[in-house]
Every structure is written in structure tokens, then in C-alpha cells.
Amino acid sequence: MNKLMTSGDVVAQLRDGMTIGIGGWGPRRKPMALIREILRSPVKDLTVVSYGGADVGMLCAAGKLKKLVFAFVSLDFIPLEPYFRAARQAGAIEVMEIDEGLLLLGLRAAAMRVPFIPTRTGLGTDVLRHNPGIKLVDSPYDDRQWLAMPALPLDVALLHVDRADARGVCQVKGPDLYMDDAFARAAARTYVTCDELVQPEAFEQGEEARYVFWERSETTGVVHVPCGAHPTSCAPLYGFDARHFKEYAASAKEPGGWEKYFERYVACGEEEYLKRAGGAEAVRKLPLPVF
Amino acid sequence: MSDTTLVDTIICAASEAWRHDGEVLATGIGVVQRLAASLAKLTCNPDLLMTDSEAWLVSEPVPIGPRGDYRIRRETHMGFARIFDNVWGGKRHAMVGPTQVDRYGQANISMIGADHRKPKVQMLGVRGFPGNSMNHANSFFVPNHSTKVFVEGEVDMVASVGYNPARLARGWRLEDIDIRLIITNLCVMDFGGPNRQVRLCSVHPGVTVEQVQQSTGFPLHVPGSVPATPAPTAAQLAVLARLDPHGQRASVLGA
């Protein structure tokens with residue numbers, strides 16, 4: 001089966017009001033080329049589920065979000081995401097604010113096709129007060145109440161990986177998969193951008209197949225976008241672009257800043273974007289972060 | 001007392017949080033917290049597990065910042081999903097930096113304001129605080145001890161649970177919650193007062209008990225005599241110099 005498509009093909013599948021999960025974590029391995037494609041499209045009123053970074057910030061800035069399911073939104077070295085912050089402080093988006101682990105349990109429940117997973121996480125907190133849809137349940141096995149984390153089924157998951165083949169076999173060699181496998185399994189359809197498009201033989205020998213974390217039956221479509229995670233990182237291929245993030249964050253402080261950022265980096269299209277971001281060679285040289 | 005001396009005193013006091021923990025994952029989020037956990041592993045509790053703050057469990061605490069030829073000593077993979085496995089099993093003691101803390105030990109890093117739909121100040125979100133606080137031991141570091149942090153009522157968003165009986169779900173007890181130390185720029189506190197009231201354990205050199213109480217929005221339990229927080233030993237300072245070769249700790253108190 002040939003699952004190759006373009007970013008435009010992916011976004012053409014999206015409908016207003018859909019629930020979309022976005023892989024990666026904060027400033028790391030986000031499918032940013034697909035996010036930029038959404039920003040260029042008329043799609044709106046999205047519910048987004050994300051371990052959020054600039055993906056969420058940009059969707060907020062462009063008015064694409066109706067609702068956000070999140071535990072945090074951060075660029076890490078810039079702790080507070082400026083456009084997310086502005087949207088929240090303006091009361092512009094609905095939110096389901098939950099614990100990082102609850103988010104994972106919600107995805108896993110959807111992936112396992114069960115309505116909820118019981119947990120102690122979230123008990124006693126304002127996560128319950130602000131999410132009346134999250135219920136406590138009695139246990140059939142003990143006398144305690146447990147939090148029943150509801151499944152978070154996704155219409156679509158958007159992910160970025162190191163490399164993939166046309167069948168949808170995806171490989172992540174960075175030190176952390178984050179929750180990408182859970183996003184893929186929780187979604188009715190999963191679209192993946194890859195830095196490198198390879199032949200099936202690339203996975204056949206040595207340890208290569210050990211870095212494939214879900215079956216190709218979870219992958220609906222594959223888009224080849226070199227540096228498609230930029231300005232987020234795709235370790236070990238490239239680190240995140242601190243200079244670009246600073247420029248992005250600074251844009252939030254000036255009037256019309258988002259419009260200028262959009263004009264310079266989004267409206268121009270992906271080929272021109274990469275040039276303006278310094279070119280593929282420069283992106284591949286971005287240092288991996290040291291903690 | 002200079003800021004450098006003060007921050008070293010704070011880190012050494014904070015490292016005591018892990019002394020009796022045995023073999024648990026010590027997580028310090030923030031420069032002071034990470035150095036404190038690292039110091040604990042290299043001095044009072046070598047059995048601690050630690051990560052490189054990225055994706056590996058390491059046998060030796062990793063120095064902060066650019067580290068030249070230093071090679072991390074890996075023990076196992078410890079990506080974020082695996083951290084949740086550890087959290088849910090309870091073998092962890094995290095030291096974190098909340099923005100607000102109340103008399104119950106409930107803490108907030110999410111948002112400031114009365115209306116969750118439209119916060120006055122949006123911060124990070126609850127992150128892993130709800131899960132951490134219901135699953136394993138937690139301590140806090142607060143670099144700016146004031147009534148803005150240690151609030152009079154409840155925190156604006158209860159991100160992590162505390163010893164608040166009113167919020168317990170049926171069948172749960174306060175014994176299921178484990179909040180250990182609060183280390184600030186003024187003092188060390190714990191929950192050892194009557195009915196788990198916040199208790200003043202020690203004040204840093206030059207700080208008075210009155211100053212701590214005035215900077216705290218709720219009444220503290222003050223024992224008959226409150227000692228001074230011990231000064232770092234030469235051995236501790238030598239370890240800290242190795243763990244923080246670029247001196248990042250010098251600026252964490254806002255100097």
C-alpha cells in the first residue's frame with residue numbers, strides 16, 4: 001500500500017470542529033510543517049490534544065482553536081508560551097486542563113477501546129473542579145473512590161518522525177518517543193511527516209526495527225518533509241532552533257507581531273519557509289540541547 | 001550573608017530531603033532542586049536513582065550545563081512514558097518549585113486568578129503535579145518566600161494535593177499523601193506541627209522567626225527553639241563545585 005501524500009492532502013482531510021492530537025513534547029519533535037499547513041487553511045474550531053509547545057501557541061494565535069486538552073504549554077527554555085498565554089488570559093479558548101499522566105491514560109483508554117481507566121491521579125485537585133466531565137467511580141474490588149479518566153479518542157493524530165517508508169513504517173531514533181505511539185493508537189487516522197523517506201529494506205537488518213514503535217496499520221498517510229519539525233527538535237537529526245523561538249516569542253510582544261511572523265514564515269509556503277529558516281543544512285547543524 | 005553562601009546553604013539543607021528515602025527516583029526540577037538531589041546521591045544517600053534530566057537513568061549525577069568531555073553513565077532508558085510508570089508505582093521523591101503554596105501544602109503552578117476560564121496570569125498548567133502528589137513524596141523549593149507564595153487561603157488552582165481533609169475522596173486518608181520539606185530563601189519547614197500544621201524547622205543565618213511568619217500568609221507552628229540552618233561543609237562545597245562547574249546556582253535567588 002502506498003500511503004505517500006502531501007501536507008496539503010493531509011489538511012484537506014481535516015474538517016471544522018475535529019479533535020486532533022499532536023505528537024511531540026513542548027519544543028520537541030512537533031509536526032510543525034503540518035501545523036503551518038493548517039494555519040494556511042480555512043480549517044477552524046479545532047479541539048487539540050497536545051503536550052503543548054509552539055504548535056498550540058501558533059494555533060491559538062491564528063484563532064484555530066475552540067478547545068485545548070492540555071497539562072502544560074511551554075517552550076522549555078522560554079517557560080511560558082506567549083500566544084497560548086495571551087489566548088488564555090483573553091478567555092479565548094475552552095480548556096480541559098489535566099495532569100500529564102491523565103492525558104496519557106485518556107489516549108490509552110481510547111486506544112484500548114474502553115470508556116475510562118481508573119487512577120488515583122487527579123484526586124483532591126482542582127482538575128476535578130474545573131472538569132465536571134471527569135467522574136469518580138466506586139471500585140468493585142475495594143472501598144475507595146477512583147478517578148475515572150475518560151478516553152480521549154482522536155479524529156486525527158499528527159506526528160513527526162525521523163524516517164518512514166511509503167507503507168507507513170515509522171522510525172524514531174531520538175532518545176524519547178514521548179507519547180507518539182499512544183497518539184497514533186488513539187486516533188481514527190494518523191498522518192506522519194518524516195525527515196527522511198526510505199525504502200522498506202532500511203528496517204530489515206540490525207537493530208533498525210527496534211526503533212519502530214507502532215505497526216504501519218496505525219499510520220494512514222506519510223508526508224516527506226525534510227526538517228518538518230523545525231523550529232522544534234528532531235533528535236538526533238537536529239536540535240530546536242533557539243534563535244527562531246526567541247524571534248517567535250518576541251513577536252508576541254509587539255502589535256501586529258503575529259501577522260508579521262505569519263507573513264514571513266507561514267504564508268510563504270514550506271519550501272520558502274525552510275530557506276528563511278536558514279536552509280536544511282543549517283537546520284541539520286542545530287545543536288542538540290544540553291540539560 | 002552573600003547570595004552564593006546562602007544558595008549553597010539552601011542546596012545542602014534541601015539535599016537532606018532524600019536522606020532516608022532508600023532506592024527511589026530523586027527528581028529535582030530547577031537548578032537548586034537538581035543540585036540538591038545530586039548532592040544527596042553523592043553524600044547522604046548513594047542508593048538514589050537519578051536521570052540526566054532528559055531520557056536516561058544515570059549512575060552518577062550529571063553536572064549542569066555544557067559539560068565538555070564528560071560522558072553520562074547510563075543505567076537504563078527513562079523516557080517520559082517510563083517516568084509515568086515510575087510515578088504511578090510510587091518510588092519517587094520529587095522536589096519542585098511551585099508558584100503558590102497554602103497551609104495544607106496544596107501547590108499551584110497552573111494559573112493565578114479566580115476564574116479558570118480567563119486567568120489573570122496563565123502559567124504552565126498543572127503539568128504532572130496532580131499525579132506526583134497522589135503517588136509519591138514531594139518537597140518544595142521557594143526562592144522568594146512571601147505572602148504572595150504562601151497564601152492565606154487555598155491556592156488559586158490546586159494542582160497538587162495537600163493535607164486538606166475536605167478534598168479527600170471516599171476511602172482515602174491523609175496518610176496517603178506525603179509532603180516532606182519546604183525549603184525557601186528564608187528557612188526550612190515541614191508538616192510536623194499539630195494536625196500537620198506547617199512547622200518552622202530552621203532559619204537561615206541572619207533570618208528571624210518573626211520575619212518568616214510575617215512573610216507567610218498562614219500561621220506557622222514555631223517550636224520553643226528554632227535552630228539556624230547548618231552551614232555547608234567543605235566536602236559538600238567541593239561536590240557542588242563539581243556538579244555546577246559554570247556556577248549557575250549563583251543567580252537563582254535573583255542576584
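Visitor: What makes up the secondary structure of chain B?
Guide: In this predicted model, chain B has 6 helices and 13 strands. Helices are DSSP runs of H or I with at least four residues, strands are runs of E with at least two, and both are numbered from the N terminus. Residues are numbered from 1 along each chain as its sequence is written, while chains are lettered from A and ligands numbered from 1 in the order in which they are written. Local features need pLDDT of at least 70, side-chain atom pairs count only at pLDDT 80 or more, and totals for chains, interfaces and linings use all residues.

Visitor: Why is chain B called as compact as a globular protein of its length?
Guide: The globule rule is 2.2 Å times the number of residues to the power 0.38, and the radius of gyration is taken over C-alpha atoms. For 255 residues the rule gives 18 Å; the radius of gyration of chain B is 18 Å, close to that value, so chain B is as compact as a globular protein of that length. Its C-alpha trace spans about 50 × 45 × 35 Å along the principal axes.

Visitor: What share of chain B counts as buried?
Guide: Of its 255 residues, 49% do. The test counts other C-beta atoms, placed from the backbone, within 10 Å of a residue's own: 20 or more is buried, 12 or fewer is exposed, and in between is partly exposed.

Visitor: How do you know that chain B touches chain A?
Guide: Two residues are in contact if their C-beta atoms, placed from the backbone, lie within 7 Å. By that test, 41 residues of chain B are in contact with 37 residues of chain A. On the chain B side, α3 (80-89) and α4 (129-135) each supply at least two residues. The largest share, 5 residues, comes from α3(B).

Visitor: What makes β11(B) and β12(B) a pair?
Guide: Strands pair if DSSP finds at least two bridges between them. Here 2 bridges join β11 (residues 179-184) to β12 (residues 187-190) of chain B, and the strands run antiparallel. B:Ile182 stands opposite B:Met189 in β12(B). A hairpin through 2 residues links β11(B) to β12(B).

Visitor: How many bridges join β12(B) to β13(B)?
Guide: There are 4, and β13 (residues 199-203) of chain B runs antiparallel to β12(B). B:Val188 has B:Ser202 in β13(B) as its bridge partner.
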